[in-house]
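Trainee: I'd like to learn to read a fold from strands, sheets and cores. Could we go through one together?

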Amino acid sequence: MNKKTLGPGITFFPQPATWIVSVDKEGEIDVMTASWVSMVSKTPPTIALSLHHGRQTYANIQQSGVFTVNIIPSTQVVAGDYCGLISGRDVDKLATTDLTPVAALHVAAPILAESPLNLECRVINTVVIGEYRLILGEVLEIHIAAAACHDHGYDAAVIDPLVYLGGIREYWGLGEKVGTAYSIGKELLPK
Ligand SMILES: Cc1cc2nc3c(=O)[nH]c(=O)nc-3n(C[C@H](O)[C@H](O)[C@H](O)COP(=O)(O)O)c2cc1C
């Protein structure tokens, strides 16, 4: 494969497209789009989220110590992008988008009805990275669309996650399944 170099930067994909939902001291709800989000530990289940320190979402999470991570389905690409363009400081994004907050089980921040996969999280650590804050959140609960559940697992086509291509600023769909993880690689094991 012939290569070109890009130098230091943020071109890296795919990334998940998520709505981070948070609440301030008065219980006002904010929704922010974030793609710098990744599961980073299984035991305990922990997710990492990187937020610019100026985000309203960061202020809310600092106050409340909790947030929810909501996978954006590809059908919600417009509302997904919108929540990444405007701050909750200036506009009520729930009202503009018609997204529906639903009470979470363990945290004050709600989950979103329009998202098929939601994580309830509690902050366990924050790391300063220049202008960004890497927030580590323990996953307290997971909600998944019942329609995506079948006997052997979950149907990713029903979840239909929006995929973000960082650096080139494009949204894509998930595409086709090409293999089963922790399994298809066994083809290269000695017979
Ligand atoms: C696709 C996409 C991904 C984004 N990912 C992040 C991210 O991971 N971290 C971040 O701080 N901002 C990210 N942003 C920018 C914020 O969503 C944006 O600044 C937003 O207006 C902040 O809202 P708030 O002030 O209500 O929290 C992203 C924006 C888009 C469109």
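Mentor: Gladly! Helices (H or I, at least four residues) and strands (E, at least two) are DSSP runs numbered from the N terminus, and two strands pair if DSSP finds at least two bridges between them. This is a predicted model, in which local features need pLDDT of at least 70 and side-chain atom pairs count only at pLDDT 80 or more, while totals for chains, interfaces and linings use all residues. Residues are numbered from 1 along each chain as its sequence is written.

Trainee: Which residue of S13 is the bridge partner of Phe-12?

Mentor: Strands of a sheet pair through backbone hydrogen bonds, either parallel or antiparallel. Here Phe-12 has Gly-166 as its bridge partner in S13. S1 and S13 (residues 163–166) run antiparallel and are joined by three bridges. They belong to an open sheet ordered S1-S13-S14, with antiparallel pairing. Its edge strands, S1 (12–16) and S14 (170–172), each pair on one side only. On average, neighbouring strands in this sheet are turned by 30° against each other, direction ignored; for such angles, axes are lines fitted to C-alpha atoms (for helices over the stretch in contact), and angles run from 0 to 180 degrees between N-to-C directions.

Trainee: What is the order of the seven strands in the other open sheet?

Mentor: The order is S3-S2-S6-S9-S10-S5-S4, and the pairing is antiparallel. S3 and S4 (37–41) are at the edges with a single partner strand each, so one side of each has no neighbour in the sheet. Neighbouring strands in this sheet are turned by 35° on average, direction ignored. H1 packs on the sheet, touching S2, S3, S5, S6, S9 and S10, and its direction makes about 50° with that of S2. Touching, or contact, means that the C-beta atoms of two residues, placed from the backbone, lie within 7 Å. Inside the sheet, S9 and S10 (residues 132–144) run antiparallel over 12 bridges, with Val-123 having Gly-137 as its bridge partner in S10.

Trainee: How many residues of S6 are buried?

Mentor: A residue is buried if 20 or more other C-beta atoms lie within 10 Å of its own, exposed if 12 or fewer, and partly exposed in between, with C-beta atoms placed from the backbone. In S6, six of six residues are buried. In a regular strand the side chains alternate between the two faces of the sheet. Accordingly, look at S6: Val-66, Thr-68 and Asn-70 point one way, Phe-67, Val-69 and Ile-71 the other, and all are buried. S6 is joined to S2 by four antiparallel bridges, where Trp-19 stands opposite Asn-70. S6 also pairs with S9 in the antiparallel sense over five bridges, and Thr-68 has Glu-120 as its partner there.

Trainee: Which residues of the largest nonpolar core touch the most other members?

Mentor: In soluble globular proteins, nonpolar side chains tend to be buried together. A nonpolar core is a set of buried Ala, Val, Leu, Ile, Met, Phe, Trp, Tyr and Cys residues joined through C-beta atoms within 7 Å. The largest one here has 32 residues, and Trp-19, Ile-20, Val-21, Phe-67 and Ala-109 touch the most other members. Elements supplying at least two core residues each include S2 (18–23), H1 (56–64) and S9 (117–129).

Trainee: And which residues are closest to the ligand?

Mentor: A residue counts as near a molecule if its C-beta atom, placed from the backbone, lies within 6 Å of it. The ligand is surrounded by 21 residues, the closest being Trp-36, Thr-57, Gly-84, Ser-87 and Gly-88. S3, S5 and H1 each give two or more residues to this shell, and S3 has the largest share, four residues.
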